[in-house]
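Hi everyone, thanks for coming. Let me put the structure up on the screen so that we can walk through it together.

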Amino acid sequence: MKRIAIIGGGISGLSAAFALEKHRLAGASLEYVLFESSPRFGGVLISERVDDCLIEAGPDSFLTEKPWASDLCREVGLGDQLMGSNDTDRKTYILVKGRLVAIPDGLMFMVPTKIAPTVLSPLFSARTKLRMAREWFHPPQKANADETVASFVERHYGTEMVDRLTDPLLSGIYGGKASQLSVRAVLPRFVEMEAAHGSLGRGMLAARMNLAHASKAPARPLFTSLKNGMQQMVDAILARLPASVLQSSTPVQQLQRQNGSWVVSAGYASDQFDAVIVATPAHAAAELLGIASTELASQLRGILYTSSVTVNLGYDRSVRASLPPGFGFLVPRSEGKRTLAATFVHNKFPHRAPEDRALLRCFIGGARDEEVLQTPDEEIVRMVREDLRQIIKLTADPLFTRVYRWKGAMAQYGVGHLERLQRIETLLQQLPGLALAGNGYRGIGVPDCVRSGNDAANRILLGLGLAEATPTGLAS
């Protein structure tokens with residue numbers, strides 16, 4: 001009987017546990033324990049209902065094009081609970097000189113694919129529009145080294161594009177700065193497009209044409225969520241794991257390699273395992289592995305994280321009627337606001353708020369505003385409300401507010417991140433029975449975390465000679 005420890009009960013660790021459970025039910029000779037330091041499993045996936053509104057403390061959805069989260073939901077019996085975003089109402093604004101300007105149609109992330117809407121949009125200056133036109137004639141170029149997203153975008157479209165679009169978008173996703181994030185790690189498809197086509201505009205159009213020829217299926221929604229909130233995913237996985245394997249409120253202090261096994265020290269107890277999956281943030285993994293491998297711990301510490309605060313505000317029918325249509329807005333740093341972005345949740349997804357309620361989610365923090373974590377809830381709400389007053393003239397008192405703080409939750413893929421991952425992989429090969437999972441490596445979204453947990457479990461199963469067992473579904 002092989003014994004496996006999973007450290008960290010967020011969605012990455014839960015996905016690893018679910019993968020192991022499928023193999024156990026298929027007859028694999030294994031047992032496992034899932035250690036979580038906090039009283040609850042699920043990490044940032046927390047949903048609650050307030051005044052008939054469904055509030056998300058962390059991610060409210062995931063990208064539909066990444067299949068791993070949707071596939072897992074179907075496996076755990078949530079296929080009929082998946083729902084797409086209201087893309088017919090999808091419109092996002094950028095705050096420019098104090099007023100909201102809609103992102104023009106055909107602008108895909110930051111790449112213009114339709115000429116007229118971009119030319120007519122007040123989002124960009126004449127100089128930037130000229131840069132966009134010239135960008136169509138860029139020759140193919142294969143970069144010799146990694147660079148920041150900011151320098152990559154600036155080469156194609158200029159600094160205004162970085163300030164008004166690229167940096168706000170990446171702040172919303174990573175909580176980081178375009179001037180620090182690796183283009184190879186964050187936007188690998190753009191690097192490939194530059195190498196093949198030169199122009200990102202031509203590369204994006206070619207990709208769209210190939211996709212259209214390959215599939216005649218109707219367009220899928222950009223985002224997918226669950227009808228009763230993202231926590232449904234956590235609850236459904238937990239319902240399919242034996243209660244005996246779940247060790248909440250059990251922080252692990254140390255992992256040591258001893259006589260071909262792994263010794264897991266949690267509290268005053270230590271236990272031996274044949275393998276360990278560390279599904280914590282990279283900095284926490286570094287602390288656990290400091291004795292087992294100082295080199296690996298050093299590499300893991302090099303993956304930095306930022307913090308964020310999510311503020312949910314509920315309003316009445318009159319506020320809902322006064323808000324602009326669309327999904328919400330992004331705020332460039334140059335506008336001088338503490339708020340990075342706001343989502344009009346009642347527009348983005350059905351079933352999130354009754355018809356007589358407006359639900360807003362605002363985001364603050366990130367790489368430039370870590371100190372906000374020390375600010376009292378009342379002051380955070382006051383700051384956000386002041387920004388909303390200035391940006392969308394919202395002066396009404398909210399019916400309710402909820403503030404959620406996420407310290408060190410958003411991994412920053414700095415320049416050279418992929419090379420760091422190669423060094424980490426080399427060091428892992430020297431430590432049999434160890435695998436890493438989480439958002440610190442190859443993607444920070446929920447689907448990426450699901451995939452990382454599943455991959456870590458499969459890596460361990462293969463190393464223990466258990467991969468031949470055929471997994472079975474647990475939906476029933």
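This is a predicted model: local features need pLDDT of at least 70, side-chain atom pairs count only at pLDDT 80 or more; totals for chains, interfaces and linings use all residues.

Two packed helices are described by the angle between their axes and the distance between the axes. Here, helix H1 covers residues 11-25 and helix H17 covers residues 446-463. They pack at an angle of about 45°, and their axes are 7 Å apart. As for handedness, H1 and H17 make a right-handed crossing.

Now on to charges. Side chains of opposite charge can pair when their charged atoms come close. In this model the count comes to 27 salt bridges, and I'd like to show you a few.

Please find Lys348 and Asp60, whose side chains meet in a salt bridge at 3.3 Å, N to O. Lys348 sits in helix H14, residues 345-348, while Asp60 is in the loop between strand S4 (53-56) and strand S5 (62-63), so this pair ties together parts that are 288 residues apart in sequence. Are these two buried or exposed? Lys348 is buried, with a relative accessible area of 9%, and Asp60 is buried too, at 7%.

Other pairs sit within a single helix. In helix H2, residues 68-75, Arg74 and Asp71 are 3 residues apart, which means that about one helical turn separates them. They form a salt bridge, with the closest N and O atoms 3.4 Å apart. Asp71 is partly exposed, with a relative accessible area of 38%.

Helix H15, residues 377-392, holds Arg389 and Glu386, again 3 residues apart, about one turn of the helix. Their salt bridge has its closest N and O atoms 2.6 Å apart. Arg389 is partly exposed at 38% relative accessible area, and Glu386 is partly exposed at 27%.

There is also a network of salt bridges, which links Arg3, Glu31 and Asp271.

Last stop: the surface. Which residues make the nonpolar surface patch of about 360 Å²? They are Ile115, Val119 and Leu120. Leu120 lies in helix H3, residues 115-120, and this leucine is exposed, with a relative accessible area of 72%.

Technical notes
Residues are numbered from 1 along each chain as its sequence is written. Side-chain values use heavy atoms; hydrogens and water are left out. Patches are made of residues with over 30% relative accessible area and no salt bridge: like charges are joined within 9 Å, nonpolar side chains (Val, Leu, Ile, Met, Phe, Trp, Tyr) within 5 Å. Accessible areas come from the Shrake-Rupley method with a 1.4 Å probe; for residues, only the protein chains shown count as cover. A salt bridge is a side-chain nitrogen of Lys or Arg within 4 Å of a carboxyl oxygen of Asp or Glu. Helices (H or I, at least four residues) and strands (E, at least two) are DSSP runs, numbered from the N terminus. Buried means under 20% relative accessible area, exposed over 50%, partly exposed in between (1.4 Å probe, protein chains only). Axes are lines fitted to C-alpha atoms, for helices over the stretch in contact, and angles run from 0 to 180 degrees between N-to-C directions. A crossing is left-handed if the near helix is turned anticlockwise from the far one by less than a right angle, and right-handed if clockwise.
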